[in-house]
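User: Please take me through this model and say what stands behind each label.

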Amino acid sequence: MTKADTARLAPFAYSPRSIGRIEVTPLGLGAMPLSFENKADDVENTRATVAAALDSGITLIDTADIYAPAWNKVGHNERQVADALEAYGAAHPDFDRANIAVATKGGITRAEGEKWGRDSSVGHFRTAVVRSKTNLGVEKIDLYYLHRPDRTRLYSEAIETLAVLKDEGHVKNIGISNASVEEIEIALEVLGEGNLAAVQNEFSPRFNHTSWDELQFCGEHGITFVPWSPLGGTGGGAAEVGGRFPAVAEVARLHSVSPQQVVLAWEMSLGDHVLPIPGASRPASIADSAKAMGFALETGEKDALDRELLPKR
Ligand SMILES: NC(=O)c1ccc[n+]([C@@H]2O[C@H](COP(=O)([O-])OP(=O)(O)OC[C@H]3O[C@@H](n4cnc5c(N)ncnc54)[C@H](OP(=O)(O)O)[C@@H]3O)[C@@H](O)[C@H]2O)c1
């Protein structure tokens, strides 16, 4: 998508974010909760939730091969996202699928007995990337992340493998996830400055103790920082964010918006490279979260939120 397209689509309070040379909205949809056991079979709900994101102007969707209700359904979330985009296109003749970026991840394994593991071997990635392309129905994956470090292998070798997949045309951009500053440095050494598109780490009002450093490091190196579980997660953190943080609740009250919008606006205000991906398993929650893109914080409000939500040093 060009700058002109983004400007026409979305008069947002925050600038577009970049994934390599692809421009996307400053906030994306986290699709993971759509594959939770209680939602996984509800195709119409998934389609409606993705449609709500697209109707709100969102142009980035985040998924992963392992987002699935069970070990033998790996790829479920990727297939759901692809299906929902196709259904949206069928219902909206003007919709151009090429304007939507989909990010996915590989490097975590699931096996019988719900055994979870890591595998960043060349063999695993070769199979995983082809499977993800098939699931997503794309020739090239917009953004492909190493999901988590595989401690049995050198980090640099995993990044070299991703670089080969990019050179061979399987993926457009490389990202890493759950990476320390040291691992980000290794990835930069292997790929070269400017070639690591994104780092996706946990970051939210309740989880910022390590990731604040990583967020800042990414800003200094032109890397997009993607907070995962940006509201505090599906385990109750996202729902409670207004109750736990008084400054968030106060700004929400003053503007008559949800506390979740305040948190997302605050995260986007931390830098032009910060791109939160709030999860949703319902259309209403992503429609509400998307409104954060149009919600500008006043200076005093941002200062109060920084004081409350950033780590105390
Ligand atoms: N890289 C990694 O290792 C990693 C790990 C975890 C997650 N992720 C990615 O990050 C995304 C986001 O993380 P997450 O889903 O764990 O946590 P989250 O975004 O912090 O919270 C998601 C929860 O917030 C609720 N919610 C969202 N917007 C809301 C709003 N405006 N008002 C009220 N409630 C709202 C959703 O409710 P409903 O379910 O009712 O819609 C959902 O239960 C995931 O979807 C996934 O794509 C990546």
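**Labels and cut-offs**

Analyst: Strand 6 (residues 108-111) and strand 7 (residues 115-118) run antiparallel and are joined by 4 bridges. The model is a predicted one, in which local features need pLDDT of at least 70 and side-chain atom pairs count only at pLDDT 80 or more, while totals for chains, interfaces and linings use all residues. Residue numbers start from 1 along each chain as its sequence is written.

User: What makes strand 6 and strand 7 a pair?

Analyst: Strands (E, at least two residues) and helices (H or I, at least four) are DSSP runs, numbered from the N terminus. Two strands pair if DSSP finds at least two bridges between them; strand 6 and strand 7 have 4, so they pair under that definition. One of the bridges links Arg110 to Trp116 in strand 7. The two strands form a hairpin with 3 residues between them, and Gly113 in the turn has a positive phi of about 85°.

User: Which strands make up the open sheet, and in what order?

Analyst: The open sheet has 7 strands in the order 3-4-5-8-9-10-11, with parallel pairing. Strand 3 (29-30) and strand 11 (224-228) each have a single partner strand, so they stand at the edges with one side left without a neighbour in the sheet. Helix 4 (residues 122-136) packs on the sheet, touching strand 5 (101-106) and strand 8 (143-146), and its direction makes about 150° with that of strand 5. For such angles, axes are lines fitted to C-alpha atoms (for helices over the stretch in contact), and values run from 0 to 180 degrees between N-to-C directions.

User: How do you know that strand 10 and strand 11 pair?

Analyst: Strand 10 (residues 198-202) pairs with strand 11 in the parallel sense over 5 bridges. In one of these, Glu202 has Trp228 of strand 11 as its partner. Helix 7 (residues 211-220) lies across both strands, at about 165° to strand 10.

User: How many bridges join strand 8 to strand 9?

Analyst: Strand 8 and strand 9 run parallel and have 3 bridges, among them that of Leu146 with Ile176 in strand 9. From strand 9, Ile174 and Ile176 point one way, Gly175 and Ser177 the other way, and all are buried.

User: What is the phi of Asn178, and what is that of Ser256?

Analyst: Phi of Asn178 is near 55°, positive although the residue is not glycine. Ser256, also not a glycine, has a positive phi of about 50°. Most residues other than glycine have a negative phi.

User: What makes Ile286 buried, and which residues is it in contact with?

Analyst: Ile286 has 27 other C-beta atoms within 10 Å, so it is buried. The residue lies in helix 11. Contact requires C-beta atoms, placed from the backbone, within 7 Å; leaving aside neighbours within four places in sequence, Ile286 has Leu29, Thr49, Ala52, Ala53, Ser56, Pro278 and Ala280 as contacts.

User: Why is Ser281 buried?

Analyst: Ser281 has 21 other C-beta atoms within 10 Å and is therefore buried. Ser281 is in the loop between helix 10 and helix 11. Residues up to four places away in sequence aside, Ser281 touches Pro33, Leu34, Phe36, Lys39 and Thr49.

User: How does the reach of helix 3 compare with what is expected?

Analyst: Helix 3 (residues 76-91) has 16 residues and spans 23 Å from first C-alpha to last, close to the expected 22 Å. The expected span is 1.5 Å times one less than the number of residues. Among the buried residues of helix 3 are His76, Val81 and Leu85. The cover over its buried residues includes helix 2 (43-55), strand 4 (60-62), strand 5 and helix 4.

User: Which helix gives the most to the shell around the ligand?

Analyst: Helix 11 does, with 3 residues. Helix 8 (237-244) and helix 11 (283-290) each supply at least two. Of the 29 residues around the ligand, Gly30, Met32, Leu231, Ala238 and Gly279 come nearest; a residue is near if its C-beta atom, placed from the backbone, lies within 6 Å.

Definitions and conventions: Two residues are in contact if their C-beta atoms, placed from the backbone, lie within 7 Å. A residue is buried if 20 or more other C-beta atoms lie within 10 Å of its own, exposed if 12 or fewer, and partly exposed in between; C-beta atoms are placed from the backbone.
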